[in-house]
Amino acid sequence: MAKGKDVRVTINLESTSCVRNDIKKESAGISRYITQKNRHNTPSRLELRKFCPYCYKHTIHGEIKK
């Protein structure tokens, strides 16, 4: 099995506008989600609006490198 050639890959999404990313680091953690994407249909980095439990609102979560 060739793992590097799979069409669907597992990606991590991390909050881009969370309070945790600021210098103060007031919140308890970083909001992250795990999902899958089709490499052929979406070759660029994925960005989705997801709920951040630390900010208590929907924020943009962008794809990060593992």
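Predicted model: local features only at pLDDT ≥ 70, side-chain atom pairs only at ≥ 80, totals over all residues.
View 1. Residues are numbered from 1 along each chain as its sequence is written, and side-chain values use heavy atoms, with hydrogens and water left out. Glu 63 belongs to strand β4; strands (E, at least two residues) and helices (H or I, at least four residues) are DSSP runs, numbered from the N terminus. Leaving aside residues up to four places away in sequence, Glu 63 is in contact with Ile 11, Asn 12, Leu 13, Lys 37, Ser 44, Arg 45 and Leu 46, a contact being defined by heavy atoms within 4.5 Å.

**View 2. The pair formed by Glu 63 and Lys 37.** The side chains of these two residues, Glu 63 and Lys 37, form a salt bridge with an N to O distance of 3.1 Å, the criterion being a side-chain nitrogen of Lys or Arg within 4 Å of a carboxyl oxygen of Asp or Glu. Because Glu 63 lies in strand β4 (residues 57–64) and Lys 37 in strand β2, the pair ties together parts that are 26 residues apart in sequence. Lys 37 is itself buried, its relative accessible area being 8%. The side chains of Glu 63 and Lys 37 are also joined by a polar contact of 3.1 Å, a term that denotes a pair of N or O atoms within 3.5 Å, where within protein one must be able to donate a hydrogen and the other to accept it, and where residues adjacent in sequence count only if both atoms are side-chain atoms.

**View 3. The salt bridge between Glu 14 and Arg 32.** In this pair, the closest N and O atoms of Glu 14 and Arg 32 are 2.6 Å apart. Glu 14 is buried, with a relative accessible area of 15%, whereas Arg 32 is exposed, at 52%. The bridge partner of Glu 14 in β4 is Gly 62. The count of salt bridges in the model comes to two.

**View 4. Ser 31 in the loop between β1 and β2.** Ser 31, which is located in this loop, counts as buried at 3% relative accessibility. Beyond residues up to four places away in sequence, Ser 31 touches Leu 13, Glu 14, Ser 15, Phe 51, Cys 52, Pro 53, Tyr 54 and His 61. With one of these residues, His 61, the side chain of Ser 31 makes a polar contact of 3.0 Å. The C-alpha atoms of Ser 31 and Thr 59 are 9.8 Å apart, the two residues being separated by 28 residues along the chain.

**View 5. The four-stranded sheet.** The protein has four strands and zero helices, and its elements follow one another from the N terminus as β-β-β-β. The four strands form an open sheet in the order β2-β1-β4-β3, with antiparallel pairing, two strands being paired if DSSP finds at least two bridges between them. Strands β2 and β3 (47–52) stand at the edges, each with a single partner strand, so one side of each is left without a neighbour in the sheet. On average, with direction ignored, neighbouring strands of the sheet are turned by 45° against each other, as judged from axes that are lines fitted to C-alpha atoms, with angles running from 0 to 180 degrees between N-to-C directions. Four bridges join the antiparallel strands β1 and β4.

**View 6. The hairpin of β3 and β4.** Strands β3 and β4 run antiparallel and are joined by six bridges, and Cys 52 stands opposite Lys 57 in β4. The hairpin has four residues between its strands, and Tyr 56 takes a positive phi near 60° there.

Technical notes
Buried < 20%, exposed > 50% of the residue type's maximum accessible area, 1.4 Å probe, protein only.
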